[in-house]
Amino acid sequence: MNFQMVQLSSLEKVRENDGLDREEICRRTVLAGERLSYQICMRSEDRTEARVFVESELAEHVKLYLVKSVFMDLPTREKEMDGEGYLALEPGMMPDVLVPLEEQKMQVVIWGGVSTVWVRADIPKDAMPGNYRIKICLTPGEEGVGEGSACETSVTMQIQVLPVVMPKQRLIYTRWFYADCIAEQHQTEIYSERHWELIDKYIAAAADMGINMILVPIHTPPLDTEVGTARPCVQLVDIEKKGDRYEFSFDRFRRFIRICKGNGIRYFEMAHMFSQWGAKCAANILVTENGKTDYLFGWHVAADDREYVGFLKQYLGAVTQELAREGILENTYFHVSDEPSVDVMDNYKTASDIIRSLAGGSKIFDALSNYEFYEKGLVECPVTGVGHIHEFLKHNVEEQWVYYCCEPEKGFPNSFLAMPSCRIRILGFLLYKYDIKGFLHWGFNYYNARVSRYPVNPYLTTSGDRAYPSGDPFIVYPGRDGVYSSLRGEVLYEGIQDMAVCFALEEYIGRKEVIALIDRAAGFDLRFDRYPGGKEFLEGLRAQMIRKISECAAKESHRCDP
């Protein structure tokens with residue numbers, strides 16, 4: 001039988017018709033508490049159905065996923081992309097979805113093209129230092145064949161665990177969470193028991209990939225909504241108007257926060273208070289008055305409308321009290337309006353002045369790309385697009401965040417399907433070097449066309465029906481009974497771990513020397529728009545840092561000479 005089985009880096013993207021003549025790996029050195037990911041790629045000219053199982057001292061901490069491809073219908077909207085390093089510029093299939101192998105009865109079918117299994121080992125924090133192995137075995141056969149059966153074909157990864165624990169994640173990381181898209185994709189009623197179960201699973205999936213902040217729909221987030229329309233209502237807070245007073249019920253809000261806390265979410269962002277791209281209008285907010293429930297506020301109400309301002313005073317007063325009751329007020333951030341431009345700065349200032357006076361000491365942050373908003377004190381934590389970040393960095397902003405979205409498509413890091421994985425993972429070293437406090441992306445699970453005109457099937461269009469570069473709207477996929485992670489999500493998590501490795505090394509040699517080491521490895525001043533393009537840099541730099549940590553730890557000292 002003509003059969004190939006190789007172990008490859010997590011930074012390889014292997015498409016079905018690709019060859020397997022790539023650099024194989026067999027050893028990795030990790031910190032205790034680190035997540036190790038790599039891939040096993042298989043090719044057979046004959047149809048081969050095999051059972052997969054793990055032999056390892058770490059077996060209970062190893063998860064296997066079948067890598068499945070999705071249709072990349074819009075790799076890029078740009079022209080003249082030569083030299084950008086994209087894996088494809090034409091529509092086609094691209095590996096991304098990670099389906100737990102348990103759902104496949106631990107079976108893989110290998111025939112003609114490449115089949116890939118993603119191996120993920122979550123090394124326990126209390127793992128004893130030393131050498132371990134993970135042996136992945138294949139044995140031909142049907143369901144029921146498993147561990148204890150003859151291992152016909154196998155590959156083994158040798159792992160060294162160092163006597164150093166991976167530091168806790170310092171980065172605040174959010175990708176916007178859309179409860180309405182979950183209900184639509186799984187065909188369930190909003191806030192039915194089934195919907196709550198799914199919300200729990202999606203938030204668990206978010207936390208699993210390093211997301212530690214969730215967008216909370218106290219009212220339906222006014223994001224990507226066509227002017228004059230409303231997205232399906234996911235408002236958590238029930239509101240009733242009685243004369244000039246409003247009464248608020250937080251039962252659903254409390255349940256949502258309980259789910260977040262149960263999954264380890266530490267930070268919370270409240271839905272934007274004003275319309276997107278300029279803060280011209282009020283958010284769509286349902287209110288019950290005299291037994292009738294309707295949108296008392298929305299596109300038909302100006303941002304500075306007296307009744308809306310009066311409502312916000314009562315609304316945010318009640319919300320901040322509830323946040324304090326939940327013990328999360330200090331870890332809560334408020335939005336004004338998403339992506340305002342300079343020509344609507346007066347509108348934004350009016351709205352910002354209102355919210356800053358009512359936020360109860362919580363931070364105000366928004367995605368924006370003009371420094372004047374921060375300079376004039378309109379936003380405390382600017383979330384700056386990567387294409388504009390170096391202008392902000394000149395001013396040493398204390399609470400600097402960064403984001404990317406449907407652009408830029410050239411030069412900068414992003415997580416489009418057509419990009420090589422190294423362009424996703426480079427973000428970790430950049431965030432560390434420039435002391436970025438948080439990272440935001442607009443699409444955790446946005447399964448709609450542009451401005452939410454209609455829902456889409458994310459397995460058939462990964463571009464919001466050709467509105468955005470494929471992969472931009474979401475980083476997880478609706479599963480059979482929940483949600484599937486993605487190759488891109490796991491690779492970005494590795495980037496977050498790179499950032500943590502930098503902090504671990506900083507404890508020994510200091511921040512200045514860690515940054516110098518990064519730039520020496522790159523061969524130049526590493527920037528968001530200038531970084532080495534291959535996996536060799538990322539893996540080589542990380543290996544160099546791990547060796548340095550190992551040397552310092554061996555000296556049993558907090559610090560050692562650079």
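Colleague: Why is the radius of gyration of this protein said to agree with that of a compact globule?

Modeller: The radius is taken over C-alpha atoms, and the globule rule is 2.2 Å times the number of residues to the power 0.38. For 562 residues a compact globule would have a radius near 24 Å, and the protein has 24 Å, so the two agree. Along its principal axes, the C-alpha trace spans about 80 × 55 × 50 Å.

Colleague: On what basis are these values given?

Modeller: The model is predicted, so that local features need pLDDT of at least 70 and side-chain atom pairs count only at pLDDT 80 or more, whereas totals for chains, interfaces and linings use all residues. Residues are numbered from 1 along each chain as its sequence is written, and side-chain values use heavy atoms, with hydrogens and water left out.

Colleague: How confident is the predictor in the protein, in terms of mean pLDDT?

Modeller: The mean pLDDT (confidence in each residue, from 0 to 100) is 94, and 97% of the residues reach 70 or more. Over residues 144–148, however, the pLDDT is below 50, and this stretch has 8 contacts in the model beyond near neighbours in sequence.

Colleague: What share of the residues of the protein count as buried?

Modeller: Buried means under 20% relative accessible area (exposed is over 50%, partly exposed in between, with a 1.4 Å probe and protein chains only). By that criterion, 60% of the 562 residues count as buried.

Colleague: Why is Asp96 called buried?

Modeller: Asp96 has 0% relative accessibility, and therefore counts as buried. The residue lies in strand E6, residues 92–100; helices (H or I, at least four residues) and strands (E, at least two) are DSSP runs numbered from the N terminus. The protein has 12 helices and 24 strands.

Colleague: What makes the pair formed by the side chains of Asp96 and Arg488 a polar contact?

Modeller: The term requires a pair of N or O atoms within 3.5 Å; within protein, one must be able to donate a hydrogen and the other to accept it, and residues adjacent in sequence count only if both atoms are side-chain atoms. The side chains of Asp96 and Arg488 make such a contact at 3.1 Å.

Colleague: What makes strand E4 mostly covered, and why is Ala50 called buried?

Modeller: Of the 9 residues of E4 (residues 48–56), 7 are buried. Ala50 is placed in E4, and its relative accessible area is 2%, so this residue is buried. Antiparallel bridges join E4 to two strands: 4 to E7 (residues 107–110) and 7 to E9 (residues 130–140). Glu49 stands opposite Val109 in E7, while Arg51 has Thr139 as its bridge partner in E9.

Colleague: Why does Gln314 count as buried?

Modeller: The relative accessible area of Gln314 is 16%, and the residue is therefore buried. Gln314 is located in helix H4, residues 306–325. Beyond four places in sequence, Gln314 touches Asp244, Arg245, Tyr246 and Phe248.

Colleague: Which residues have the most contacts inside the largest nonpolar core?

Modeller: A nonpolar core is a set of buried Ala, Val, Leu, Ile, Met, Phe, Trp, Tyr and Cys residues joined through side-chain atoms within 4.5 Å. The largest has 168 residues, and those with the most contacts inside it are Phe256, Met273, Phe274, Tyr308 and Tyr315. Helix H10 (residues 487–509) gives the most to this core, with 13 residues. Another core, of 32 residues, lies apart from it and includes Leu58 and Val161.

Methods. Contact = heavy atoms within 4.5 Å. Pairing = 2+ DSSP bridges.
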